[in-house]
Every structure is written in structure tokens, then in C-alpha cells.
Amino acid sequence: PEPATMPHPPRWCLVLLGVAVSATSEIIPPPIGAHYTRTLALPVIGQQTVELSILSGSVARLCMKGAISLDEPVKYFPSQDGGLGFSLSDATHALLKRMRTSLRSAGYVAHEDSAWVTVAPGPLPAIKIRLDRTGGAQPHGVGGEFPDFVLE
């Protein structure tokens, strides 16, 4: 006998811990061409702008302006924890090391159409920074449930 089929849950039910998944449990990646940004004052570093532009399904452009200045392509991929894994160049690692800072993690929140990065400035706790989409209208129903930054 055939098992009883259940109707598909509404799409909003498929959002788990801030990471969106499709009906096939695949991570929903950020849309190609999207641009995300945030400017804020960080401990130790001072005022900093972080920008992320999605160039393809596997390459983004990371631009930082302020105490840390860089403009680098970044390879990214879905990670096992539901975030986005990434690979930084040796030059970027060296620059961040000189500033006693590291980029620890990144991700995309599909239902908000926002991205985030976790920055660890020196000996201070890591900070998860929300990057809002810029340069276009956000999809209907996108809200600001995620604060600008969170100490981790």
C-alpha cells in the first residue's frame, strides 16, 4: 500500500535556524547579482564598511573600507552547518592577520534576503554582522528580524 501523502508545508515552515532550505533540503544560495552592505563602528577597528557582491554561484566580491581596506574575489560554497563556506586569498589572510582580525563565518538568510559575516576583531568576542541588500527592491515579506550586529 502507498503511504499517505502529506501536503507540502508553507515555504516559511522550511526556514530553520535562520538558514533557508528548499523542499529538497538544499540550501538556497544568495541570488547572483545581489549586493549586500553594512557600515558600523567596530571595537578596535573603528568605522568599517563591509560589502559583499554575488558574482556567480561560486564567486563573490568582498570589499571592506575603513581601518581594513580590501577588494578581493572570494570563492564560496554551501557548508555543512547551513552557512556559506569561503576561501580567502593568502594576501587577504595576511592583511587580516596584521590587523589582528579574522573572518570566521558567513551565511545567507533567504527569507530576509540578507547576508551575514562573523568578524573577530583581535582579542574581543566575534561579532556577527548583518549585511542588507542594496541596489534594488527587496522581495515582498522580507523583514528586519536580525539585528545589525550580534556579539557571539
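In this predicted model, the lining of the largest cavity comprises 13 nonpolar and 3 polar residues, with no charged residues. These make up a lining of 16 residues, and L52, V74, F86, A106 and V117 are the ones nearest the centre of the cavity. When the whole structure is searched, 1 cavity of 30 Å³ or more is found.

The lining may next be traced to the strands that supply it. At least two lining residues come from each of β4 (46-54), β5 (59-66), β6 (70-78), β7 (84-87), β8 (101-109) and β9 (114-121). Among these strands, β8 makes the greatest contribution to the lining of the largest cavity, with 4 residues.

Most residues other than glycine have a negative phi. R100, in the loop between α1 (90-98) and β8, has a phi near 55°, a positive value in a residue that is not glycine. D113, located in the loop between β8 and β9, likewise is not a glycine and has a positive phi, of about 50°.

Are these two residues buried or exposed? R100 is exposed, because its relative accessible area is 61%, and the cut-off for that class is over 50%. D113 counts as buried, because its relative accessibility is 1%, where the cut-off is under 20%.

Conventions:
Residues are numbered from 1 along each chain as its sequence is written. This is a predicted model: local features need pLDDT of at least 70, side-chain atom pairs count only at pLDDT 80 or more; totals for chains, interfaces and linings use all residues. Side-chain values use heavy atoms; hydrogens and water are left out. On a 1 Å grid over the protein atoms alone, a cavity is a set of points where a 1.4 Å probe fits but cannot get out, and a pocket is an open set with protein on both sides within 12 Å along at least five of seven lines; lining residues have an atom within 4 Å of a point. Grid points are joined across faces, edges and corners, and a volume is the space filled by probe spheres set on the points. Ala, Val, Leu, Ile, Met, Phe, Trp, Tyr, Cys and Pro count as nonpolar, Asp, Glu, Lys and Arg as charged, and the others, Gly among them, as polar. Buried means under 20% relative accessible area, exposed over 50%, partly exposed in between (1.4 Å probe, protein chains only).
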